[in-house]
Amino acid sequence: MPTIQEYTLVVPELEPRLKHSTIFAHYDQIGEGESFLIQNDHDPKPLYYQLLAERGNQFTFDYIENGPEVWLIRIQKNAKSGDVLTLGELVNQDFRLASFFSKLGLDFCCGGKKTLKQACTEKSMDYLDVLLQMEEFKGSSQDAKVPYQDWSLDFLVDYIVNTHHQYVRKYLPDIQLFAAKVMQVHGDKHPELVQVHQLVEEIAEELTMHMMKEEQVLFPFIKALTLAEKIQEKVAPIHFGTVRNPIHMMEVEHEQVGQNFEEIRQLTHNYQIPEDACGTYTVLFQMLHAFEEDLHVHIHLENNVLFPQSLELEKRLVH
């Protein structure tokens, strides 16, 4: 039995036609962080799925008593629902979801400002089914969470450069080489390889210039902001005015690279290796898939962690 005084809704005492509406009306009336109890004469698990479908992933559904004669459930409204949390925010809360979203083809980096429901609608995916899969994944995954949100911005900048920029510089030349070779050998039977090669070259050109601008302009300024806050000094005026300007440019470029990879994914049917593929063909698709997954994390850390915190830091220093 609960140890605190909470309102209890005794479901068997309600008229059958009013049970659903009464429970939902009571749920809608409580505030964030508040809870109530329902008592029933059978397992009310169907109610859990009804709440999930109609109110989203914004509640907890805890069994206090589990039969065989009485079921007592505590329903608590959480502070923010899955319907309003964006993909980027969900990954920020639990970084393990990055791999989950990647496997489903849900863009949590460039498309990180969309809610899960919006992303599912755009992909013609069953939102409730994805939501249930996500909860199962979180329950089964044992990977440790990485506290990116708690890192200082100068540390995060160094991490992005040393991990993700280095990854791009290490593997992109090989991907370019393999894309050209595979196009030359298999392009007649697989004409889509011509477009794949072209897209790889566009990605290489875009990322090379993009990383240079970050490392020479944006990232040093973010580090200067971080230092200014630590030593409580003002930041010297910069030629681009505010950090918002280069951030906007970087986000636009992220979007372009993301679109290029989306085209590659469509052309290759999610990197499906054809039966006549040689070893180089197979390695190319495996490398493209791995590169895209790393890029998703890379862009997520910038778009959804580094950039918003840098904007907030600049506000604190200016006002």
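Colleague: What is the relative accessible area of Lys-223?

Modeller: This is a predicted model, in which local features need pLDDT of at least 70 and side-chain atom pairs count only at pLDDT 80 or more, while totals for chains, interfaces and linings use all residues. Residues are numbered from 1 along each chain as its sequence is written, and side-chain values use heavy atoms, with hydrogens and water left out. Buried means under 20% relative accessible area, exposed over 50%, and partly exposed in between (1.4 Å probe, protein chains only). Lys-223 is therefore partly exposed, its relative accessible area being 33%.

Colleague: Which residues does Lys-223 touch, not counting those up to four places away in sequence?

Modeller: Lys-223 has its place in helix H8; helices (H or I, at least four residues) and strands (E, at least two) are DSSP runs, numbered from the N terminus. Contact means heavy atoms within 4.5 Å. Beyond four places in sequence, Lys-223 touches Asp-154, Val-157 and Asp-158.

Colleague: Which helix holds Arg-169, the partner of Glu-215?

Modeller: Glu-215 and Arg-169 form a salt bridge through their side chains (3.0 Å, N to O). The two lie 46 residues apart, in distant parts of the chain: Glu-215 belongs to helix H8 and Arg-169 to helix H7. At 27% relative accessible area Glu-215 is partly exposed, and Arg-169 counts as partly exposed at 40%. The helix that holds Arg-169 is H7.

Colleague: How far apart in space are Glu-229 and Arg-316, C-alpha to C-alpha?

Modeller: Glu-229 lies in helix H8 and is in contact with Leu-313, Arg-316 and Leu-317, its neighbours within four places in sequence being left aside. Glu-229 and Arg-316 are 87 residues apart in sequence, yet their C-alpha atoms are separated by 8.6 Å.

Colleague: Which side chain of opposite charge is nearest to the buried Lys-77?

Modeller: Lys-77 lies in strand S4 (residues 71-77). Lys and Arg count as positive and Asp and Glu as negative, whereas His and the chain ends are not counted. Lys-77 is buried and has no salt bridge, although a polar atom of its side chain lies 2.9 Å from the backbone oxygen of Ile-30. At a distance of 5.0 Å, the nearest side chain of opposite charge is that of Asp-28.

Colleague: Why are the buried residues of helix H1 on the same side?

Modeller: In helix H1 (residues 19-29), the buried residues are Ile-23, Phe-24, His-26 and Tyr-27. The arc is that of the directions from the helix axis to the C-beta atoms. These residues are on the same side of H1 because the arc they cover around the axis is only 160 degrees.

Colleague: Which residue is joined to Gly-67 by a cis peptide bond?

Modeller: The residue in question is found in the loop between strand S3 (59-66) and S4. With omega at about 5 degrees, the cis peptide bond joins Gly-67 to Pro-68.

Definitions and conventions:
A salt bridge is a side-chain nitrogen of Lys or Arg within 4 Å of a carboxyl oxygen of Asp or Glu. A polar contact is a pair of N or O atoms within 3.5 Å; within protein, one must be able to donate a hydrogen and the other to accept it, and residues adjacent in sequence count only if both atoms are side-chain atoms.
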